[in-house]
Amino acid sequence: MEDVSIDHAKDHLEELIERAAKGEEIRISDPHFGTVKLLPVGPTVVISKPRPERRPGRWKGRFTVPERLFEPLSEEELAWLSGERSK
């Protein structure tokens, strides 16, 4: 275990973090804040669920898109959307 001043820790923070990540315990001392210990929290583990295989056309035939969807809006619908008329 190594004792370092807070000024040294400010100047060499990356080095101290790297050493702590490898398992070394480091104490940082300051007259105002006291002494703290720098040590690793634990191993970083990323757990992700496996994604399903993406295949083009997998949803083909499961739903249909109404043809009305691609038609232009009527004057009444445009007025409602613009806020001129509210139903």
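Here is a walk through this structure, from its sheet to its surface. Keep in mind that you're looking at a predicted model.

Let's begin with the strands. Three of them make up an open sheet, and they line up in the order β1-β2-β3. The pairing in this sheet is mixed.

Now zoom in on β2 and β3. Strand β2 covers residues 26–30 and runs antiparallel to β3, with 5 bridges joining the two. Together β2 and β3 form a hairpin, with 3 residues between them. To see how the two strands line up, find R27: standing opposite, in β3, is K37.

What about links made by side chains? The whole structure holds 8 salt bridges. One of these is between E2 and R19, with 2.1 Å from N to O. This pair connects distant parts of the chain: E2 belongs to strand β1, R19 belongs to helix α2 (residues 13–21), and the two are 17 residues apart.

Finally, turn to the surface, where you can pick out two kinds of patch. In one, positive charge gathers: R51, R54, R55, R58 and R62 come together there. You'll find R55 in the loop between β3 and α3. The other patch is nonpolar, with an area of about 630 Å², and its members are W59, F63, V65, L69 and F70. Look for W59 in the loop between β3 and α3 (75–82).

Key:
Residues are numbered from 1 along each chain as its sequence is written. This is a predicted model: local features need pLDDT of at least 70, side-chain atom pairs count only at pLDDT 80 or more; totals for chains, interfaces and linings use all residues. Side-chain values use heavy atoms; hydrogens and water are left out. Two strands pair if DSSP finds at least two bridges between them. Helices (H or I, at least four residues) and strands (E, at least two) are DSSP runs, numbered from the N terminus. Patches are made of residues with over 30% relative accessible area and no salt bridge: like charges are joined within 9 Å, nonpolar side chains (Val, Leu, Ile, Met, Phe, Trp, Tyr) within 5 Å. Accessible areas come from the Shrake-Rupley method with a 1.4 Å probe; for residues, only the protein chains shown count as cover. A salt bridge is a side-chain nitrogen of Lys or Arg within 4 Å of a carboxyl oxygen of Asp or Glu. Lys and Arg count as positive and Asp and Glu as negative; His and the chain ends are not counted. The place of a charge is taken as NZ of Lys, CZ of Arg, CG of Asp or CD of Glu.
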